Structure formats: structure tokens, C-alpha cells
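Me: I have a structure open here and would like to talk through its architecture. Could you go through it with me?

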Amino acid sequence: MLTVVVLAGLSGCSSIEPWVKPYERDKLADPIMALDGDPVSTAYIQHVYEAREGARGGEGAAGGGCGCN
Amino acid sequence: MIRRVLLIAAALSAFGAAKAGVLPDDRADVLYHRYDGGGVTIDGPSILVRKKAGKSLSFVGNYYVDMISSASIDVITTASPYTEERTQWSMGMDYLRGNTTMRVNYATSEESDFDAETVSFSVSQDMFGDLTTLTLSYALGDDLVRKSDDSTFEAPLDRQIYGVGITQILTKNLISTINIETITEEGYLNNPYRSVRYFDPDSELGYSFEGELYPNTRTSNAVGIRMRYFLPYRAALEGEYRFFTDTWDIESNTVAFSYIHPWKEWTFTGKFRYHDQTGAHFYSDLFGRSEETNFRGRDKELSELTSYTLMMQAAYEFLRDDGNDWGFIKRGKITASLNLLHVDYHDFSDLSAGQPLGEEPLYDLDANIFQIYFSFFY
């Protein structure tokens with residue numbers, strides 16, 4: 001329900017003019033700009049940090065696993 | 001002799017840094033990982049396969065194994081070295097409709113004394129000429145904690161994860177993402193094997209041990225911001241910051257900077273990460289007496305600590321999408337990375353030398369984290 005309400009509300013703002021045109025996004029489309037180009041590796045290293053530190057979440061992609069002694 | 005398993009993992013990785021109006025690339029990754037530090041060695045494979053079905057569906061599966069051999073500071077202080085294996089499976093589906101992508105993911109993890117299951121859902125919407133992607137997510141985790149030396153022991157642990165994320169194109173060269181996550185847990189949050197230390201004048205060393213006792217609820221909030229900038233030449237710079245706080249009074253700040261530099265078929269990445277946290281309110285390196293407080297813990301990960309990580313990574317694209325003769329495989333690359341992790345514990349004594357009370361040094365940890373993986377795109 002929350003999802004529907006938020007998305008419906010934001011759809012009313014769809015008239016905002018995009019300030020970076022599609023043809024200006026070539027650099028953003030370069031693989032070196034991918035925020036999560038290696039999902040398996042990212043999940044693994046987040047898993048290590050969750051096991052070794054007391055914090056978790058908030059990083060967009062996180063790993064799971066054991067917090068072994 | 002283990003542990004805590006957090007399947008927060010599969011749940012959060014399913015949310016990812018989302019793009020709503022495009023399905024993820026078809027790919028297969030085969031990874032070997034190895035963690036070696038503080039008397040603990042953990043290695044194993046991770047295999048991920050993702051494939052589209054038609055124009056609006058994409059399926060993903062992941063198989064992950066941790067093979068653990070531990071003689072860590074906790075283990076050698078109060079227990080015996082052990083070996084253990086943990087296996088995790090996950091499968092998910094992305095459904096694209098217009099500018100909206102819906103995802104569902106299921107993950108299960110098994111080891112001899114800990115089972116975990118997580119179901120997660122998310123929906124992403126591209127807006128404002130695809131400059132903005134909003135993602136809302138929810139995950140439900142259901143764990144079961146057992147104890148290897150007590151077959152009658154069984155305790156549940158439930159978890160819910162709420163997330164909101166926005167990925168925003170700011171300029172022609174700059175993209176950013178902000179993620180806010182709340183995690184609530186209720187149930188058995190203890191490690192059933194770990195002990196706390198308390199002052200005991202009758203013992204030879206001046207202290208003795210007794211079992212930990214944690215609160216049975218924990219709620220945490222985290223907000224993370226990342227920005228990646230395309231430099232005037234073909235290279236990228238990334239900055240990250242995360243603030244974390246929870247009802248156990250742990251508060252942390254994490255900062256990281258990365259530099260990504262392609263050269264011919266190679267891509268080199270360097271990263272430095274800094275993490276600093278306060279300790280849980282029920283943590284103590286040495287309690288004044290037995291059962292001194294209602295809740296008590298001596299998990300070094302819940303203590304005041306600072307960690308530093310230096311990462312070096314090299315990727316080589318050995319197969320390009322230029323009419324190669326590898327059949328349906330368009331591209332292939334191999335990546336190797338090494339993370340050097342150092343942790344300074346500010347309130348956790350190293351008891352391994354058996355020194356008298358008051359003369360124990362503070363513990364610190366160095367670990368090498370190695371990964372090598374092949375990625376194929378088709």
C-alpha cells in the first residue's frame with residue numbers, strides 16, 4: 001500500500017524536465033561508472049564486514065553469512 | 001563451535017544499486033574467496049547465474065559456501081578449534097513492466113547449528129526522464145539457532161528489513177545513490193558458545209568466565225551515500241559514507257574512497273575504507289563480578305573498534321563482443337582482488353598469553369581477503 005501511495009504521488013512530478021539528456025549519458029554508461037558491476041564480489045566483501053564489525057545495512061548491496069568467532 | 005549467521009545478506013544484495021527500466025545483463029560468475037586472519041581461515045566458491053526469459057523477466061540463482069577452520073582469539077581463550085561448513089542458496093526473479101521493476105528473492109542458509117531463511121521483495125521505479133530511480137524494499141528473515149553440544153537447545157530469531165533507496169544522476173559525469181535501511185530483530189541474538197569474563201579473586205589469573213546474555217531485540221538504522229564521478233580522462237573516483245546506529249548503543253561512521261582506472265583490456269581499482277564504532281551498552285571486557293548486569297557480552301565485534309581496509313583489484317577482459325568464436329558467450333573477464341584488513345580493538349584484551357589481570361595487551365587483527373573470479377556475459 002505504501003509503495004502504491006508513494007509511486008502515485010511521485011508520478012505527479014513526471015513533468016520535470018531531465019537536465020541530463022539521454023544523449024549526454026555516454027560517460028555514465030561506461031562500465032567503470034557501474035555502481036555494482038561485480039555483484040558476487042560485492043556481496044562477499046559486505047558479508048565479511050558484517051561478520052567483523054557491529055554495523056550492517058545502508059550500503060545498497062550487502063552480503064550475508066557467518067560471523068564466526 | 002560457531003557463530004551467528006546473518007542472512008541480511010541475500011536480502012540486501014537482492015535490492016542492489018537498482019536500475020528500474022532495464023533488466024540486469026545475462027551473466028555467470030564463478031568466484032573463489034579466501035579469508036585468512038586472526039587464526040581463522042574461511043574459503044569456498046560462489047557461483048551466480050542470471051538469465052532473461054523474454055523481454056520482461058530475468059531469473060537469478062546463487063550458490064555460496066563458507067568452509068571455516070577456526071582457532072580465533074575467542075576460540076583459543078575459552079573453547080577448542082573447530083571446522084565447519086555453511087552453504088547458502090538463493091534464487092530470485094525480476095519482472096520489468098514499463099519503468100517499474102519488481103523483484104522477489106528467496107535465500108536459505110544451512111550449517112550444523114544454524115538455519116536461516118529470508119524472503120525479500122522490492123520495487124523500483126524510474127522517474128524524471130530516467131534520472132532518478134526509487135527503490136522500496138522489504139525482507140523477512142526466519143532463523144533457527146541450535147547448539148552442537150546440546151541437542152535439546154533450539155531458539156528462533158525473526159528479522160525484518162525495510163529499505164528505501166534513490167539512485168540519482170546529478171550531472172553528465174556524476175551519479176549518486178542514497179540508501180536507508182532499518183533492521184529489526186527479535187529472538188535469540190546470543191552466540192550460544194561465547195563467554196564473558198568477570199573479576200574473580202579466587203581464580204589463579206584473577207578472572208573467570210560465564211555465558212553471554214544478550215537482549216532479545218535489536219533495531220538498527222543505517223544511511224549510506226555513494227557518489228561516483230567520471231574524471232576528465234577515462235577513469236572514475238568514488239566516495240562513500242555510512243552512518244549507523246542501533247538500540248544497543250552502537251554508533252558507527254564508515255568512509256571509503258575508490259579510484260578506477262582502465263588501461264587497454266585491464267581495469268585497475270584501488271580502495272581505502274575506514275570504519276569506527278562505539279561498543280554495545282552491555283559489552284564489557286571485564287565485568288566486576290558474576291552476573292553483574294542483566295545483559296552481558298564480550299563479542300569483540302560489539303566492542304569499540306576501528307578498522308582499516310586497503311583493496312587492490314585488477315580485471316582483465318579476455319573476451320570481447322567482436323564476433324569471437326565462443327558461441328553464445330559475448331564477453332569474458334577475470335578479476336583478482338586482495339583486501340588487507342586491520343582492526344584495532346580499543347576495549348578487548350588479548351588473553352591468549354595468559355598474562356595476569358591488568359597486564360593483558362589489547363587485541364588487534366590482520367586479515368588477508370582474496371578473491372578471484374571469472375565473469376561471462378551472454
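Me: How many bridges join strand 16 of chain B to strand 17?
Reply: In this predicted model, 12 bridges join strand 16 of chain B to strand 17 (residues 305–319) of chain B, and the two run antiparallel. Within that pairing, B:R273 has B:T309 in strand 17 as its bridge partner.

Me: And which way does strand 15 of chain B run relative to strand 16, parallel or antiparallel?
Reply: Antiparallel: strand 15 (residues 251–263) and strand 16 (residues 266–277) of chain B are joined by 12 bridges. B:S252, for instance, is bridged to B:Q277 in strand 16. The hairpin of these strands has 2 residues between them, and B:K264 takes a positive phi near 55° there.

Me: Changing topic: which residues have the most contacts inside the largest nonpolar core?
Reply: They are A:V40, A:Y44, A:V48 and B:Y35, in a core of 25 residues. Helix 2 (39–52) of chain A supplies at least two of its residues, as do several strands of chain B, including strand 2 (27–37) and strand 18 (331–349). The largest share, 7 residues, comes from helix 2 of chain A.

Me: What lies apart from that core?
Reply: Another core, of 9 residues, with B:A222, B:F244, B:W248 and B:L302 among them.

Me: What about chain B overall: how many helices and strands?
Reply: Chain B has 2 helices and 19 strands. Its radius of gyration is 23 Å, close to the 21 Å that the globule rule gives for 378 residues, so chain B is as compact as a globular protein of that length. Buried residues make up 40% of the chain.

Technical notes:
Residues are numbered from 1 along each chain as its sequence is written. Chains are lettered from A and ligands numbered from 1 in the order in which they are written. This is a predicted model: local features need pLDDT of at least 70, side-chain atom pairs count only at pLDDT 80 or more; totals for chains, interfaces and linings use all residues. Two strands pair if DSSP finds at least two bridges between them. Helices (H or I, at least four residues) and strands (E, at least two) are DSSP runs, numbered from the N terminus. A nonpolar core is a set of buried Ala, Val, Leu, Ile, Met, Phe, Trp, Tyr and Cys residues joined through C-beta atoms within 7 Å. A residue is buried if 20 or more other C-beta atoms lie within 10 Å of its own, exposed if 12 or fewer, and partly exposed in between; C-beta atoms are placed from the backbone. The radius of gyration is taken over C-alpha atoms; the globule rule is 2.2 Å times the number of residues to the power 0.38.
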